[in-house]
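Q: Hi, could you walk me through the pocket and the core of this one?

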Amino acid sequence: MAERASRASIRLHLQQAQRLVGLITDRVLRIADQPSNNQQLYLTFPGLPADLSGVRLRLIVDEFFRVYEFGSGTTSRHTFITFGYQYKLLDAGNKEILAYHWHPSGPSKAKQPHLHLGSAAQVRQRDLAAAHLPTGLIALTDMVELAIEAFGAEPRTSDWRTVVAEARAAR
């Protein structure tokens, strides 16, 4: 029963994320096991980055999470806890414009959420281009909204603000 409820919760999480990215791309997200940790799952566009609607930009999504069950029986509920992410915005030539990262475990010294400015951002100051610029936690919601408002991705539906607000409220 708990396993079935967990699978249903994962499907719901995927549907909500797909509704959100569906605002700016026709690519389909998938959920897979992270190869190095069978309790951790990740949300991603398999294969190539996703082309964004109305602009010559592409998006990479890798969001790592676990599902936890709280309570038992009919009062149990499942919660998703994000354990890291990588959201990248690329130009048409697949050069990185920017990338939001959070990888609290692993070999990198940068454990806090941060931003990278890629070569396509044309940052001329070398130390800034190599820096891990601190940010707060960034959600997929933030990335979709940024793509629309700052980078001109054309929303595929007129009620995109409502979809973003609902996704933000569901976090």
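**Pocket and core**

A: Happy to! The lining of the largest pocket divides into 16 nonpolar, six polar and four charged residues (Ala, Val, Leu, Ile, Met, Phe, Trp, Tyr, Cys and Pro count as nonpolar, Asp, Glu, Lys and Arg as charged, the others, Gly among them, as polar). This is a predicted model, where local features need pLDDT of at least 70 and side-chain atom pairs count only at pLDDT 80 or more, while totals for chains, interfaces and linings use all residues. Residues are numbered from 1 along each chain as its sequence is written, and side-chain values use heavy atoms, with hydrogens and water left out.

Q: Which residues lie nearest the centre of the largest pocket?
A: They are His13, Glu63, Ala167, Ala170 and Arg171, out of 26 lining residues. A pocket here is an open set of points on a 1 Å grid over the protein atoms alone, where a 1.4 Å probe fits, with protein on both sides within 12 Å along at least five of seven lines; lining residues have an atom within 4 Å of a point.

Q: Which element gives the most to that lining?
A: H1 does, with seven residues. Helices are DSSP runs (H or I, at least four residues), numbered from the N terminus.

Q: Is His13 buried or exposed?
A: His13 is buried because its relative accessible area is 17%, and buried means under 20% (1.4 Å probe, protein chains only).

Q: What is His13 in contact with, leaving aside neighbours within four places in sequence?
A: Ile31, Leu43, Glu63, Phe65 and Phe80, with contact meaning heavy atoms within 4.5 Å.

Key. Helices (H or I, at least four residues) and strands (E, at least two) are DSSP runs, numbered from the N terminus. Buried means under 20% relative accessible area, exposed over 50%, partly exposed in between (1.4 Å probe, protein chains only).
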